[in-house]
Amino acid sequence: MVAALLFKSSWRFHRQHPLQLVLSLAGIILGVGIVTSVLITNHSAVRAFSLSSEALYGKATHQIVAANGLPDEAAAAFIKTHSRLVIAPVIESDVALNGELATLIGLDPFREAQFARLQPNAHQNASDNSAESGSAALLNSNYPLWASEATAQRMDLTVGDTVDLNGTEATLTGLFSTASRAASDGLLVTDISVAQTLGNKLGSVDRLELILDDEVATTLASTLPAQWRLQATTQRQSTMKAMTRGFQINLTAMSLLALLVGMFLIHNTMTFAVLQRREVFATKRLVGISTRGLFSIVIAEAFVFSAVASIVGLIAGIFIAGKLLALTTQTINDLYFVLHVQQIHLSPWVLLTGLVLGIGSSILATILAAREAASDSAANARRRSAIEEKTATVLPWLMYVGLACLLIGAALAWIPSQSLMLGFAALMIVFVGYGLSIPWLSQRLLDLTRHTLGGFSVLLLLALGSLTDNMSRTGLAIAALTVAVAATLGVDLMTGSFRHSVDTWLQQTLQSDLYITFGDTDGTGRSRASEFDDTWLTELETLAAVEEISTGILVELVTNFDTFDTLVLQPSAGSEQSYEWIDENDSWNTFLTTTSVMVSEPMANKYQLSTGSDITLFTETEGDVVFKVAGVYRDYGSSHGRMVMNRSTYDDFWSNPRIGSIGINVTPGAELQPVIDRVRHHLASTDVAARVRDNISIHRESLDIFDRTFAVTRVLRWLTMGVAFIGIFSALLAMHLERARDFAVMRASGGSRIQLRSMIMLQSIAMGITAGLLAIPLGWMMSEMLIHIINVRSFGWSMNAILPRRAIPETLALALGSAALACVYPAWRLGRHSLVDDLRTE
Amino acid sequence: MAHLAVDVTGLTHHYNTTSTQPILKDLSLTLDKGQTLALIGASGSGKSTLLNIIGGLEPVQQGSVSVFSKPLQSADDAALTQLRRNTIGIVYQSFNLIPTLSVTDNIKLPMALDGVARDEQRTRIEQLLEKIGLDHRSNAFPDALSGGEQQRVAIARAVVHRPALLLADEPTGNLDATTGQQVMHLLQDLVAEHNTTLLMVTHSSTVAGYADRVLTMSDGTLKEHSEHASSANTW
């Protein structure tokens, strides 16, 4: 009965203050929305990866791979020898389908039936025989090219349509479906021989897929040729999932930061709602409601509001996830592997996590306010100044706790560990610690300003005085804005430093003036290799204005750690300049003269490798061979890690005469275009498709990819700013709502609308500048932690921190702009309210 | 008309646009400069509304109101602000002190808004604090003061810019008899000092007894009060 009355009273209060309620809910909705959207996006990407793996592998349990593919003849002989086993050869290539990235699978129709990878579409296929299995139907076309139904529907394709496949025209001859429709999006299937031609893989297959039980697998593994390896399909999937883990954790951390800012906002609004009713609470206590009862009612309010707002937040999250998905998928495609994710996957666990985070953080943020409602003495609660006196007492303690958190965060940050979660925990603790210190620091800064500048303007004096006298409100608003602006600055500094490092690295890496890549680019940045005779290469080198050439091919090599992309390099005299060594050694000479590889910094970090370390490579001719690490070089091309091997070393252990790219150094002073024309003419003598580009365009394209990679981060950053904006807006509004009578008194005492609006503007500006100034050290700390801890642990990349000159004015402008914008409505509202009503307000 | 401080003619006022019954009905009133007028009447009779309209806090809906020959019905917000800043001071029943400003700052407020020089501000505040007997509480905040002290500060704030017209809405309504009497004496002294015109709204016949003239408001109209009470009454 009592509870019902208390609820009725609370409900009436909130109904009378709808704007406050809406702002409070908006904070929770945005916070939950952002976290949920990232959780859904990450889950969708992982789910899409799992589904597409299922679609790709079908019932295959194992696969046999070799360092450089399996030669056709050897593969055929193996299948014949093991005729009792279910085995199928597969080619897998990334291709451009009408300009969009797709995965082309080459299958042997005779061996596919038991893998149950695909089902033909009975209604549309050229071969209109619904009884046929997918693989059998595939046989009925001379040049079969099938698209998954999902792909065809999305790209509006039907059987018989002409499509652009890697720049050549092809006809879509059929459609297929898989167990999961979403899983097959972006998949194309063709006959294995066609895939070999299109993928420039004539004479070999990528892998043999098998359906085996564990016992047979163990026996088979021991009988394989030295250069072949049997692995479970799940092993490859888990490796690929692990590659994106760092990226996904980064996104989650960014979203949690938004929730943290949201918590400041929730705390602010709930505290305000409590403070506004301090007299009501005092009266309730006078009539016999216990402190526990009051505490419970405030917590119950928070629960009800946060539950409603969290549910709306989940819906918002689903909407935002739809937008984030494309950006995230693009980044995964740019950085890791080709992934087709077209739809979001909702998991009950993800939604529950969002709900629990929303309600949990709201209740956590409300506890202090609830304690305040319950702990004040009934008499004290009626005194406005008592609250500020109490706040003044609490602020130094908050600062001490904050300082302790900062020290703990710093200590955690410097613990030598590879744990990314520990790094993020340190970052979060630093943020919370700094956030707790902000009200005290703000009060000091504002007091200092009031004493310094107050003499110049009474309005300024009043405005600043009002801010410092109301620290219970303004302190939190400044803290929320500071945290959000600092997060923006921190991420900006990190991406700026990163971009600068990548830019410098590209300048160093792209030492050749021109690059020829073979095969049409497929959008992945990888190229297919071709075989050239020495005469052709010598002729290329003797073209006018060509000074020297280097050649390379990107191959996948299997090591005792994992499989890595490896650049096999036939260096030119200038190639050494392309590498910046992380440790100073005679690495280049070792690289040229010994059985060694160079490893990239991420690989070295991940596997604790350094110059002189041993690494076992699975070679074609001799099986496992121990190589030395010649040196560790800076590389921002892959967070998974890469290696570079000298061509002569490679030729000792592998038989692959192809090259994938040629770097051409032009005679100093020579114009590039004539050289490009001569190179193209020379290429015309072969039937190999090639692309000739200068280093400037590659440099530009690479930076474009870099910028694309951080698009998702930028979106999250602005969403966080949105939460902070609502925070400062609601704080200003709350402050002015509560002070409506004071403003009315000022108006009645001769204050003009302009004067009062100016005062509000001054307050906002003061809050904005304070938040901006306080955000700079926090933003800098954040960028240092992101650069030196988070990035190294996530991706293995080290870089130099850069503080651009524009960063500080931009940060101040951002804080000031947000605060100024947030005061527009309160200022507008101020002049429109009835003076008499406000003067009557008790 | 130059001798008139307030001239109200045919004033009709509704609480809001939907109400059919006016709170003030075709009301007329004149108040001479330097005169003290008390308005008495039952709650809800429209006394405070009339005071607020004369103070430029509520708009003139119908009729005309002039304060020191300045017509309020045609005045815009800036003109009304200027009028309050230079000509009018207001004392409220509930004091309406700004809780986050000290006694000194509360008194300083109207001068600060009017751009009075800082030295002049200081001098006037010191004089007033001494006059209201609160020079020892100059740095105290309102919630640390008694009701009587708060009302004295409110009066000081209302007269610090030396208004020609002082409006007081139930100035002793929240005070006990003795304190109320002290406050009225103070008000009387300050008004006399600068020949300020005073318009008071009160329930108390004792407070009304301080006035030169007393009008009774009933059903939105005014009539001269027949008894000029001077004996003790409830505050």
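Predicted model: local features only at pLDDT ≥ 70, side-chain atom pairs only at ≥ 80, totals over all residues.
Figure 1. Ile549(A) is found in strand 15 of chain A, which spans residues 546-558. Is Ile549(A) buried or exposed? With 20 other C-beta atoms within 10 Å, Ile549(A) is buried, because a residue counts as buried when 20 or more such atoms lie within that distance. Leaving aside residues up to four places away in sequence, Ile549(A) touches Leu540(A), Glu541(A), Ser572(A), Ile662(A), Gly663(A) and Ile664(A).

**Figure 2. Helix 15 of chain A packed with helix 24 of chain A.** Two packed helices are described by the angle between their axes and the distance between the axes. For helix 15 (residues 471-509) and helix 24 (residues 753-795) of chain A, the axes come within 6 Å and cross at roughly 40 degrees. Helix 15 and helix 24 of chain A are therefore oblique to each other, and helix 15 of chain A passes helix 24 of chain A in a right-handed crossing. By class, the contact between helix 15 and helix 24 of chain A has 19 nonpolar and eight polar residues, with no charged residues.

**Figure 3. Helix 15 of chain A packed with helix 25 of chain A.** Helix 15 of chain A also packs with helix 25 (residues 807-822) of chain A, at an angle of about 145 degrees and with the axes 10 Å apart. The crossing of helix 15 and helix 25 of chain A is right-handed. On the side of helix 15 of chain A, the contact is made by Leu481(A), Val485(A), Thr488(A), Leu489(A), Asp492(A) and Leu493(A), while helix 25 of chain A provides Ala807(A), Thr811(A), Leu814(A), Ala815(A), Ser818(A) and Ala819(A). An α-helix has 3.6 residues a turn, so residues three or four places apart point the same way. The residues in this contact of helix 15 with helix 25 of chain A divide into eight nonpolar, three polar and one charged.

**Figure 4. The contact between chain B and chain A, with helix 3 of chain B.** The contact takes 22 residues from chain B and 21 residues from chain A. Helix 2 (77-86) and helix 3 (103-114) of chain B are the elements that give two or more residues to the side of chain B that touches chain A. That side of chain B has eleven nonpolar, four polar and seven charged residues. Eleven of the twelve residues of helix 3 of chain B are buried, so this helix is largely enclosed by the rest of the structure. Among the buried residues of helix 3 of chain B are Val103(B), Asp105(B), Lys108(B), Pro110(B) and Leu113(B). Helix 3 of chain B is followed by Gly115(B), whose phi is positive, near 75 degrees.

Figure 5. Most residues other than glycine have a negative phi, and most peptide bonds are trans. Asp26(B), although not a glycine, has a positive phi of about 45 degrees, and Asp26(B) lies in strand 2 (residues 24-32) of chain B. With 13 other C-beta atoms within 10 Å, Asp26(B) is partly exposed. Arg162(B), likewise a residue other than glycine, has a positive phi near 55 degrees, and its place is in the loop between helix 5 (147-159) and strand 7 (165-169) of chain B. Arg162(B) is partly exposed, with 15 other C-beta atoms within 10 Å.

Notes. Residues numbered from 1 in each chain as written. Chains lettered and ligands numbered in written order. Contact = placed C-beta atoms within 7 Å. Helix = DSSP H or I, 4+ residues; strand = E, 2+ residues; numbered from the N terminus. Nonpolar A, V, L, I, M, F, W, Y, C, P; charged D, E, K, R; others polar. Axes fitted to C-alpha atoms, helices over the stretch in contact; angles between N-to-C directions. Parallel < 35°, antiparallel > 145°, perpendicular 65-115°, else oblique. Left-handed = near helix turned anticlockwise from the far one by under 90°.
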